[in-house]
Amino acid sequence: MALLIPIFGDQLSHGLSSLAGQDKKACVILMAEVDEETEYVPHHKSKMVYILSAMRHHANDLRSAGWTVDYVKLTDAENSGSFTGEIARAIERHKVSALCVTEAGEWRVKAMLDSWPDRFDIPVEIRPDDRFLCTHAEFESWTKDRKQLRMEFFYRDMRRKSGLMMNGDTPEGGQWNFDAENRKPAKRDLAMPAPLHFAPNAVTQDVIQMVERRFAGNMGETTKFGFAVTREDALRQQKHFLDHALPNFGDYQDAMLTGEPFLWHSILSPYINSGLLDPLELCRAVEVQYRAGKVPINAAEGFIRQVIGWREYVRGIYWHAGPEYVESNAFAATRPLPEFYWTGKTDMHCLSQAIGQTIEHSYAHHIQRLMITGNFALLAGLNPKEVHKWYLAVYADAYEWVELPNSLGMSQFADGGMLASKPYAASGAYINRMSDYCTHCSYDVKQRTGPKACPFNALYWEFIARNERKLRKNPRMAMPYKNWERMADADKVALRAHAQQFLEKLG
């Protein structure tokens, strides 16, 4: 009789809680590639190649460490297509007496795990996922008696708990947040360190061929696939970031440049979210660089804030809000997603850049997601659930627990302000300030109406006007509404008419 330990594609960590303290000789690890995971959204080809190849390499690493691993490939003839089906088959193959699994990262997977005790009539132990700094119980305790849930205050608690960038009870540098120093536009004459590219080995090539055959119609390219698919290579990318990109990450993390998809970003989020890298270990390595005088405080604090602040916070929001969170739609937005979100074919240069690199790399950095594709979706009134499904499908680091709050809450304000204090809506002026996109565009960012006017300009004011009843009392929206009030009535009419004409053509 054996103990069966299922491991999912976002649990590729040797220190996984379900493995802790187990007798390797008495256990069988089950890893399975299944249709229900590859088809619930039309995943980017490179995203699937990354996850499936990383799973196969992790299975080999576990075997090398002395574990017995039963690995089911997507193309195996007897593959049932579901995790539950593969558990059932494995129970028969291995005469399983009990299950031990690390808790699910998503609501739909939790429901599956919760069904297993009745389904299989054997003991099922579900262990907490201790790869996060904040437990579910701690986050729920933090939310109690708070009128608003704001990341900044949660982040301070995580700094205190972890001790990162702290001097006793006070934050390093005398303040908690150096975000104001993280907003410089980049210049093209600065030397930017390209992330490492990892040539696909035989295992990855096999996955690429399978994905190209089975998912030929999905977004993306695999010819330039270069993600790390092992912990060893992920650690090499981590070191490359710490040594070469982190020093300038703080200054330019919000910047955007035509033809430069990576700038000084880490490109580590796929590895963190799948389990190849340990987030707290990474943050401590960032702190070491700062204390050694190798990186400025705005770079170290800014990166650590994204990981132990924002990443932990959105996970807490996801589980706090419940499975119905995905239906949030505070602005009652219903417009379907335009086709150019899948093709990148649009004469709006900023969108073609952000979507084009997404098609090519299954990657875009956080400002491109928030202030280009997300901002347009918000202003145009795109259905937030469709927007969520797009983000979930196209990015290699996207799992629902981290993507859904970022999309519906931060980007689309569809939760009405549970996560963010204001909608992240902006006209073309913001894009022009933080990028060189507008200099390459067929539209004129300075014009608000007329055939050459940047669509973001009229769409912004149309968004402000149509949502006035819901947003006017928001203190962080006071300035936009004061500016709207100052406008001549004729200008208001012209802006709204121009926006409506654009939206009618959009479909």
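How do the residues of the lining of the second largest cavity divide into nonpolar, polar and charged? Point 4 has the reply; here are my notes in order.

1. A word on the model. This is a predicted model, in which local features need pLDDT of at least 70, side-chain atom pairs count only at pLDDT 80 or more, and totals for chains, interfaces and linings use all residues. Residues are numbered from 1 along each chain as its sequence is written, and side-chain values use heavy atoms, with hydrogens and water left out.

2. Overall build. The protein chain has 21 helices and seven strands (DSSP runs numbered from the N terminus: H or I of at least four residues for helices, E of at least two for strands). Its radius of gyration is 24 Å, close to the 23 Å that the globule rule gives for 507 residues, so the chain is as compact as a globular protein of that length. That radius is taken over C-alpha atoms, and the rule is 2.2 Å times the number of residues to the power 0.38.

3. The largest cavity. You will find six cavities of 30 Å³ or more in the structure, and the largest has a volume of about 340 Å³. A cavity here is a set of points on a 1 Å grid over the protein atoms alone where a 1.4 Å probe fits but cannot get out, and lining residues have an atom within 4 Å of a point. The volume is the space filled by probe spheres set on the points, which are joined across faces, edges and corners. Of the 24 lining residues, Gly9, Glu37, Ile51, Arg108 and Tyr399 are the closest to the centre. Helix 2 gives the most to this lining, with five residues.

4. The second largest cavity. Its volume is about 100 Å³. The lining has 14 residues, with Cys350, Cys438, Cys441, Cys454 and Phe456 nearest the centre. As for the opening question, the lining divides into 11 nonpolar, two polar and one charged (Ala, Val, Leu, Ile, Met, Phe, Trp, Tyr, Cys and Pro count as nonpolar, Asp, Glu, Lys and Arg as charged, and the others, Gly among them, as polar).

5. A helix pair. The axes of helix 18 and helix 20 (residues 478–486) come within 11 Å and cross at roughly 100°; axes are lines fitted to C-alpha atoms, for helices over the stretch in contact, with angles from 0 to 180 degrees between N-to-C directions. In the contact (heavy atoms within 4.5 Å), Tyr460, Trp461, Ile464 and Ala465 of helix 18 meet Pro480, Tyr481, Asn483 and Trp484 of helix 20.

Definitions and conventions: On a 1 Å grid over the protein atoms alone, a cavity is a set of points where a 1.4 Å probe fits but cannot get out, and a pocket is an open set with protein on both sides within 12 Å along at least five of seven lines; lining residues have an atom within 4 Å of a point.
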